[in-house]
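Hi,

Here is the structure I promised to pass on.

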Amino acid sequence: MIPSPQVPSLSAFLCSMGLDAALSAALCQRLPRLTLRAGQTLLAQGAEQDAAFYVETGIARACHYTRDGQERCKEFYFEGELCLLYDSWITGSPARYQLEALTELQVMRVPIVLLDEPAWQPVCMALLRQQLGYKERKEAFLLLHSPEERYRELCHTFPHWPARLTQVQLANYIGISPVTLSRIRRRINRG
């Protein structure tokens, strides 16, 4: 699998987050690239997170599995995104979510200890700002909108999601049943 030309390299991503270009280029030559099949685990729920994963191709997700077998999808990670559980990173606590390949996936493994190095502090600050903004938007998305408004907002904000995720995955993310999502989509399509 070759990364898509429109997806920035990990080195370019890290530079855009504030890491020195020479340091970024040298580091990225040494980092391992992993290829996973759909369903393979990057980080098991309950394990200690020791790496973040830069998605070059495919889709990953963060899911929590309940004792009775239900899954709660927290997040999807697409090409050009860093797959990282922020709470586990900041607190050093075991992962509440499992990171796994939703599709065939190619990632670069970035050791989490790098984020403690002084040269990486601009990256840390950029990641935290990005995550805080994302969390504020997601909170508003879930709390301030009806299920139909959530679906419309998702389609507007992430127009590639409906084509790349199943109806079950979309419904889980929105917080509704697949049947409810089917009704919403039918209503929208009828105009």
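**Inside the model**

The largest cavity has a volume of about 60 Å³. The model is a predicted one, so local features need pLDDT of at least 70 and side-chain atom pairs count only at pLDDT 80 or more, while totals for chains, interfaces and linings use all residues. Residues are numbered from 1 along each chain as its sequence is written, and side-chain values use heavy atoms, with hydrogens and water left out.

On terms: working on a 1 Å grid over the protein atoms alone, a cavity is a set of points where a 1.4 Å probe fits but cannot get out, and a pocket is an open set with protein on both sides within 12 Å along at least five of seven lines; lining residues have an atom within 4 Å of a point. Points are joined across faces, edges and corners, and the volume is the space filled by probe spheres set on them.

Back to the cavity: the structure holds one of 30 Å³ or more. Its lining has eleven nonpolar, no polar and no charged residues (nonpolar being Ala, Val, Leu, Ile, Met, Phe, Trp, Tyr, Cys and Pro; charged Asp, Glu, Lys and Arg; polar the others, Gly among them). Leu10, Leu82 and Trp120 are among them. At least two lining residues each come from α1 (10–16), β8 and α4 (helices are DSSP runs of H or I with at least four residues, strands runs of E with at least two, numbered from the N terminus).

The largest pocket comes to about 540 Å³. It is lined by 25 residues, and Glu75, Glu81, Tyr134, Arg137 and Phe158 are the closest to its centre. Helix α4 (121–143) supplies at least two lining residues, as do β5 (71–77) and α5 (147–157); the most come from α4, with seven. By class, the pocket lining has 14 nonpolar, five polar and six charged residues.

**The rings**

There are eight aromatic pairs in the whole structure (rings of Phe, Tyr and Trp, the last by its six-membered ring, with centres within 6.5 Å; planes under 30 degrees apart are stacked, over 60 edge-to-face, the rest tilted). One of them is the tilted pair of Phe141 and Tyr173, at 6.2 Å centre to centre and 40 degrees between the planes. Phe141 sits in α4 and Tyr173 in α7 (residues 167–174), so this pair ties together parts that are 32 residues apart in sequence. Phe141 is buried at 8% relative accessibility, and Tyr173 is buried too, at 6% (buried is under 20% relative accessible area, exposed over 50%, partly exposed in between, with a 1.4 Å probe and protein chains only).

Phe158 and Trp161 make a stacked pair, 4.3 Å centre to centre with 15 degrees between the planes. Phe158 is partly exposed at 21%, whereas Trp161 is buried at 2%.

Elsewhere, Lys74 lies over the face of Tyr97, 5.7 Å from the ring centre (the test is NZ of Lys or CZ of Arg within 6 Å of the centre and within 35 degrees of the ring normal).

**The sheet**

An open sheet of four strands runs β1-β8-β3-β6 with antiparallel pairing (two strands pair if DSSP finds at least two bridges between them). Its edge strands are β1 (33–36) and β6 (82–83). Four bridges join β1 to β8 (residues 105–111), and Leu36 has Leu105 of β8 as its bridge partner.

Best wishes
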